[in-house]
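Subject: Structure handover

Hello,

Please find the structure below. My notes on it follow.

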2 protein chains.
Amino acid sequence: MAEKTWVRMVTAQTPTNIAVIKYWGKRDETLILPVNDSISVTLDPAHLCTITTVAVSPSFDQDRMWLNGKEISLSGGRYQNCLREIRARACEVEDKEKGIKIAKNDWEKLHVHVASYNNFPTAAGLASSAAGFACLVFALAKLMKAKEDNSELSAIARQGSGSACRSLFGGFVKWIMGKAEDGSDSLAVQLVDEKHWDELVIIIAVVSSRQKETSSTTGMRDSVETSLLLQHRAKEVVPKRIKQMEEAIKNRDFGSFAQLTCADSNQFHAVCLDTCPPIFYMNDTSHRIISCVEKWNCSEGTPQVAYTFDAGPNAVLIAHNRKAATQLIQKLLFCFPPSSDADLNSYVIGDKSILKDAGIEDIEDVEALPPPPEIKDAQRCKGDVSYFICTKPGRGPDLLSDESLALLHPETGLPK
Amino acid sequence: MAEKTWVRMVTAQTPTNIAVIKYWGKRDETLILPVNDSISVTLDPAHLCTITTVAVSPSFDQDRMWLNGKEISLSGGRYQNCLREIRARACEVEDKEKGIKIAKNDWEKLHVHVASYNNFPTAAGLASSAAGFACLVFALAKLMKAKEDNSELSAIARQGSGSACRSLFGGFVKWIMGKAEDGSDSLAVQLVDEKHWDELVIIIAVVSSRQKETSSTTGMRDSVETSLLLQHRAKEVVPKRIKQMEEAIKNRDFGSFAQLTCADSNQFHAVCLDTCPPIFYMNDTSHRIISCVEKWNCSEGTPQVAYTFDAGPNAVLIAHNRKAATQLIQKLLFCFPPSSDADLNSYVIGDKSILKDAGIEDIEDVEALPPPPEIKDAQRCKGDVSYFICTKPGRGPDLLSDESLALLHPETGLPK
């Protein structure tokens with residue numbers, strides 16, 4: 001090993017993902033093995049991603065981590081699982097220029113620093129742990145020159161947070177539940193990349209909520225233990241839906257895609273409700289968004305938009321194409337205008353070109369929007385939505401070679 | 001037949017009922033045959049009932065009906081089914097005093113007048129159609145001297161509104177789904193009468209709602225056609241629950257009763273959510289009521305209160321005994337105080353002695369209530385509940401012999 005002064009760093013960026021066929025229920029709590037396959041779409045990291053810098057140095061005397069600038073403990077089993085699995089796969093690293101040489105065996109003794117941040121509000125319930133664990137595992141693997149491909153890495157990220165395994169790829173991703181007891185075959189594969197179906201537009205409604213939600217870990221456990229519908233869903237319903245969904249994605253068949261996505265989101269929430277005590281993730285605002293979409297899809301005769309909700313009240317709306325997305329944002333802004341003190345610029349974030357296409361430039365344009373004709377007595381509910389994010393399907397993890405993006409100082413290995 | 005001047009009348013009162021194992025889904029739409037058995041508790045008619053007067057006279061030239069004072073059409077299939085079936089079972093009626101003699105065959109030619117009213121707000125979504133059809137069939141049967149017992153009458157009321165069949169008895173009632181294609185064995189039987197478990201206290205929270213609800217007829221049909229969980233519930237889950245519920249009722253085992261009642265209500269709403277398009281009957285207020293009850297039951301270690309929701313946001317809360325009911329009303333009034341302009345007298349109706357036991361006499365007592373210790377940061381949500389009804393399990397249909405209670409004029413046969 002070289003002198004004690006060097007710090008070796010890697011910075012990576014990893015997207016979030018949203019399941020269109022849901023994961024709900026573990027058959028193994030420790031290894032995080034699911035009761036059914038799931039399929040997700042990866043969201044554009046430009047709008048929703050985690051950036052993580054991992055550093056190693058002989059000067060570090062313990063593993064440490066900072067999340068969004070605040071130090072957090074790495075002692076939890078989920079972090080320890082990821083660190084242990086990647087360390088076990090670490091290889092020799094040599095950087096002659098910097099005079100660094102780390103032998104395979106050195107990794108067991110060396111400590112790492114990790115700094116991670118989300119480019120979106122963490123409190124919004126937008127699957128930050130999925131992107132976070134995926135990014136941690138991806139970055140550590142690059143730092144330690146692990147030779148595993150992204151599917152193999154996904155099986156490690158899975159042990160941090162189940163849905164994290166699906167964030168190792170862009171486009172549409174399938175998490176195969178696997179059969180092996182050790183979980184080695186429970187991993188993610190890419191179905192199609194983000195270019196395959198690039199006309200889709202995604203609008204996320206971040207819904208205001210009074211209630212503290214049940215964590216998905218606790219909720220899932222309660223559902224497995226008490227819901228009499230969960231096993232039927234896992235064994236009888238999902239396997240067929242997975243096949244139909246793969247077909248719909250392959251053929252860019254939006255009608256089938258939307259029908260399956262909405263039905264599966266609703267069924268996941270049905271299982272939550274069938275849990276004892278019941279779990280409610282959606283609230284009245286979520287219900288109203290569903291009702292808007294259902295009425296519009298029904299009036300058009302063919303689905304324009306699919307909706308899906310994770311373990312919280314936020315709606316993820318997937319529009320068939322740009323035209324549908326433009327109409328959608330108009331309907332959404334009619335029904336859910338910003339509160340009087342909000343400005344439009346922070347109320348609709350992400351890809352603002354959708355707003356422009358919709359002819360909405362300022363708050364007066366929002367006020368002048370006509371009521372959606374398919375909704376009788378459409379009410380305007382100010383303040384029920386916190387903000388909207390316009391985005392699209394996106395690519396998988398990336399290494400960021402630009403050192404200025406690193407979150408740790410290149411000499412101290414501490415947060416910048 | 002005697003002269004054209006006479007009017008023969010019968011007035012009856014029939015209770016509403018609330019299912020504790022739910023009916024959701026028909027296997028035959030016309031005959032109203034369900035996909036599973038259900039069990040209900042009959043509510044005290046003193047607080048929730050329908051009163052119906054039926055009259056026959058040779059001077060009537062058509063069948064007519066008035067509901068809550070307003071004439072409505074009897075041409076619908078459901079009314080016609082009930083009228084036809086009772087007429088087919090009519091017997092000879094003779095009243096020598098009044099000089100009335102109606103031969104069996106005369107009933108086919110004679111017309112009836114029906115006047116019906118609910119002693120509770122119809123718009124509240126409190127199963128008025130169940131009590132209404134039960135009362136219509138019961139009163140007509142008495143008028144026409146049909147010899148059928150209440151179980152046989154229940155199979156006729158069922159053809160008006162499925163759950164109406166359970167309103168032909170007091171106490172706890174089971175609707176046996178039956179097997180016969182003609183529906184003849186799909187009828188209600190009494191499990192135990194209202195005296196068997198007389199310590200139970202029922203509090204209904206009539207919840208304010210912005211949304212128009214899906215009718216249960218439409219909702220049920222959509223669920224049967226689209227929910228992939230409904231058949232599993234009907235075939236695998238409910239048969240076991242029916243047995244367990246019968247056992248719990250027989251043994252007055254409140255713990256099992258509450259667990260089954262809550263789980264089955266939640267599963268019914270889960271099936272609604274699994275329907276395409278999804279049906280939401282409960283709203284945020286319903287969820288908050290469930291959360292209050294669940295937290296309290298959990299903190300006590302043993303259930304104090306069971307909750308159940310029908311096709312709407314109203315909560316029906318069944319307390320183990322008077323002590324639990326007293327605590328329940330205190331907790332409910334803390335969380336859901338009346339709006340500033342409401343007076344307590346019209347905010348808590350029915351059996352007001354529960355309020356008295358709870359030491360609540362006026363609005364100042366409500367304001368002084370302490371927050372339920374088991375709810376962290378308990379919020380007070382004014383206006384989310386319209387009013388509460390305090391009641392208990394009650395008896396079945398009754399004939400009202402007091403002529404002053406009749407809704408039709410004894411000479412004209414028209415509404416008083």
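Let me start with a bend. Helix α5(B) has a kink of about 45° at Val237(B), shortly before the proline Pro239(B). The bend at a residue is the angle between axes fitted to the seven residues ending there and the seven starting there. Helices (H or I, at least four residues) and strands (E, at least two) are DSSP runs, numbered from the N terminus.

Some ground rules. This is a predicted model, where local features need pLDDT of at least 70 and side-chain atom pairs count only at pLDDT 80 or more, while totals for chains, interfaces and linings use all residues. Residues are numbered from 1 along each chain as its sequence is written, chains are lettered from A and ligands numbered from 1 in the order in which they are written, and side-chain values use heavy atoms, with hydrogens and water left out.

**Helix α5 of chain B**

How far apart are the end C-alpha atoms of helix α5 of chain B? They are 28 Å apart. The helix covers residues 230–250, and its 21 residues should span 30 Å at 1.5 Å a residue, so the two values agree. The expected span is 1.5 Å times one less than the number of residues.

Several residues of α5(B) are buried, among them Leu230(B), Arg233(B), Val237(B), Ile242(B) and Met245(B). Buried means under 20% relative accessible area, exposed over 50%, and partly exposed in between (1.4 Å probe, protein chains only). Just after α5(B), Arg252(B) takes a positive phi of about 50°.

**Where the chains meet**

The contact takes 27 residues from chain B and 27 residues from chain A. Contact means heavy atoms within 4.5 Å. The two chains bury about 2,600 Å² between them, 61% of it on carbon and sulfur atoms. On the chain B side, the elements that give two or more residues are α5, α6 (254–273) and α7 (284–300). Buried area is the accessible area (1.4 Å probe) that two parts lose on being put together, summed over both.

How many salt bridges are there between chain B and chain A? The count is zero. A salt bridge is a side-chain nitrogen of Lys or Arg within 4 Å of a carboxyl oxygen of Asp or Glu. Six residue pairs, with both residues at pLDDT 80 or more, are in polar contact between chain B and chain A. A polar contact is a pair of N or O atoms within 3.5 Å; within protein, one must be able to donate a hydrogen and the other to accept it, and residues adjacent in sequence count only if both atoms are side-chain atoms.

**Salt bridges**

Over all chains, the count is 34 salt bridges. One of them joins the side chains of Arg233(A) and Asp264(A), at 2.7 Å, N to O. This pair links distant parts of the chain: Arg233(A) is in helix α5 and Asp264(A) in helix α6 of chain A, 31 residues apart. Arg233(A) and Asp264(A) are buried.

Arg395(A) and Asp398(A) also meet in a salt bridge, at 2.5 Å, N to O. Arg395(A) is partly exposed at 37% relative accessible area. Asp398(A) is partly exposed at 24%.

Ser57(A) sits in strand β6 (residues 49–57) of chain A. Is Ser57(A) buried or exposed? Ser57(A) counts as buried because its relative accessibility is 0%. Its side chain reaches the backbone oxygen of Trp6(A) at 2.8 Å. The Ser57(A) side chain also makes a polar contact with the side chain of Ser59(A), at 2.7 Å.

Met9(A) lies in strand β1 (residues 8–15) of chain A. Met9(A) counts as buried, at 19% relative accessibility. Met9(A) and Ala55(A) are 46 residues apart in sequence, yet 4.2 Å apart in space, C-alpha to C-alpha.

**Backbone points to check**

Most residues other than glycine have a negative phi, and most peptide bonds are trans. The bond joining Cys276(A) and Pro277(A) is cis, with omega about -5°. Pro277(A) lies in the loop between α6 and α7 of chain A. In chain B, the peptide bond from Cys276(B) to Pro277(B) is cis, with omega near -5°.

Lys145(A) has a positive phi, near 50°. Lys145(A) lies in the loop between α2 (128–143) and α3 (150–157) of chain A. Lys145(B) has a positive phi of about 55°.

Best wishes
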